[in-house]
Amino acid sequence: MGSEGRVKISSARSTNNRSDLKWFGLGNSEMKINYKTMLGEAHRTVRRLWGGLLLLAVLVSGCSPAFHPVKVPVALPEQFSESGTSKLPDRWWLSFEDPVLDGLIEQALAGNFSLKTAWDRLTQAEAVARKEGADLWPTLDVEGGDSRSLDHDADGTSNSSSLSLGLVASYELDLWGRIRSSRDAAAFDLQASSEDLRAAALSLSAEVAEGWYQLVEQYGQLEVLDAQLAANEQILELVTLQFRTGQVSISDVLQQRQLVEANRGERAQAESRAAVFEHQLAILLGVSPQQLEIPRVTSFSALAPMPTTGLPAALVQQRPDLRSAYYGVLAADSTLAAALADRFPRLSLSAQVTTSGEHTRELFNNWLTTLAANLTAPVLDGGLRKAEVDRTRAAASEALNSYAQTILEALGEVEDALIQEQRQGDYISSLNQQLDLAGQVTERVRDRYLKGAVDYQRVLDALLSQQQLQRSLLTARQEQIQYRINLCLALGGGWEMERPEPASN
């Protein structure tokens, strides 16, 4: 230290006010003590000790093991079996060009409570990562005390007091990377939580789209059933008139009445399904079922061309659930490294500066500065640390196998969605042709029935077939949209989201 101020360092020695004033650059004739100067000397001493600990921390952290990325644990195909022509936007639902769907998904992303819960989990992971990283830095604490005592003897009663004040700095040398590995594990867990949030938002958008188009189908089914009910009631009036004139038997009237009642029963079921889908959609949006306001759309718009699928290697990098599994592997590896390092000795350093006195004016007269090093090495622990190493090694293997399985499932989801949408298009084309033929059959059989050439059963069969095809076509179109939603979800991706305000009571 320089001549401006020096603090004597000892493990158990204090300086006296008068005899050791020379340590602070004061002569014997200078008896007036400047307490601000004393306190400044203490602060400068601790800062020097603190700076040494920080420098040591930086040097030791530079010796930590290097990070090695995880290779993809499965063989990836060069390309998918099929690919479209249009580019899928980050907000994938915009490709449907449906303003109602756009508004519903934006409302869900802002109001869905499950997504807000995922945000809360991300905030917790951020705090854990900061907490684990704090151990890489030295700590500084302030200690203070005030004790008083009364002594009773023959000469009377006397009292004494003792005041103390001190600063304590401590640091554990991360010789084997244990603390750094724990910090890295928490950081990777944080990144995994961030990807989990993106995956949750992606799944939520798909759930909203699925619920909306299921609702559109039910609205459409109600419209088709209303039209079929009206047509069947007209036929019932015609058959009833023919029965009254003796042209047909009562069984024809009863069969047509049964068909009308069947339409009414199916309509009641469609109304029930529509109400349930409305309730489910409201919950996804974060509102009660009674508060949902939604337009009544009864038909589907044409789908845009199928999006490009890209390469399987790109899929592994862009899907949030795959990235989450990847970070899970890295976190498990870091946890294993921490468990291995925990079996080796620990070296801790501490520095303490304290002052004491009976009165406040004497508080800075006596100083004690201590430096200490503490080495702790495990000898017997009943196999505790080895068992933890075995556990974390198995957990790392589990994470890697889970990552591989997730990749395979993701590839399968893309291929499933591709083949399903393609074959669904063929199925819809077939249904359209069947419906056109069924309309021709119904018209001709009905004409022949009116002429008495065929019985009513032929008319009823043709009518049931045509009406069932009308409803099947509507369901098939909804399924085609669902397969497109599945494809967009399987291709992954993401977008920037705004963090919501935390909930408060």
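This report describes the overall make-up of a predicted model and the packing of helix α2 against helix α4.

**Overall make-up**

The protein contains nine helices and four strands. Read from the N terminus, its elements follow the order α-α-α-β-β-α-α-α-α-β-β-α-α. Of its 505 residues, 38% count as buried. Among contacts between residues at least 6 apart in sequence, 83% join residues at least 24 apart.

**Helix α4**

Helix α4 covers residues 178-244. With 67 residues at 1.5 Å a residue, α4 should span 99 Å, and the 95 Å between its end C-alpha atoms agrees with this expectation. After α4 comes G246, which has a positive phi near 80°.

**Packing of α2 on α4**

Two packed helices are described by the angle between their axes and the distance between the axes. The axis of α2, a helix of residues 99-111, comes within 9 Å of the axis of α4, and the two cross at roughly 140°. Because of this angle, α2 is oblique to α4. The crossing is right-handed. The residues that make the contact are listed by helix below.

| Helix | Residues in the contact |
|---|---|
| α2 | V100, L101, L104, I105, A108, L109 |
| α4 | A201, L204, S205, V208, A209, W212, Y213 |

An α-helix has 3.6 residues a turn, so residues three or four places apart point the same way. On α2, the contact includes V100, L104 and A108; on α4, it includes A201, S205, A209 and Y213.

How values were computed
Residues are numbered from 1 along each chain as its sequence is written. This is a predicted model: local features need pLDDT of at least 70, side-chain atom pairs count only at pLDDT 80 or more; totals for chains, interfaces and linings use all residues. Side-chain values use heavy atoms; hydrogens and water are left out. Axes are lines fitted to C-alpha atoms, for helices over the stretch in contact, and angles run from 0 to 180 degrees between N-to-C directions. Angles under 35 degrees count as roughly parallel, over 145 as roughly antiparallel, 65 to 115 as roughly perpendicular and the rest as oblique. A crossing is left-handed if the near helix is turned anticlockwise from the far one by less than a right angle, and right-handed if clockwise. Contact means heavy atoms within 4.5 Å. The expected span of a helix is 1.5 Å times one less than its number of residues. Buried means under 20% relative accessible area, exposed over 50%, partly exposed in between (1.4 Å probe, protein chains only).
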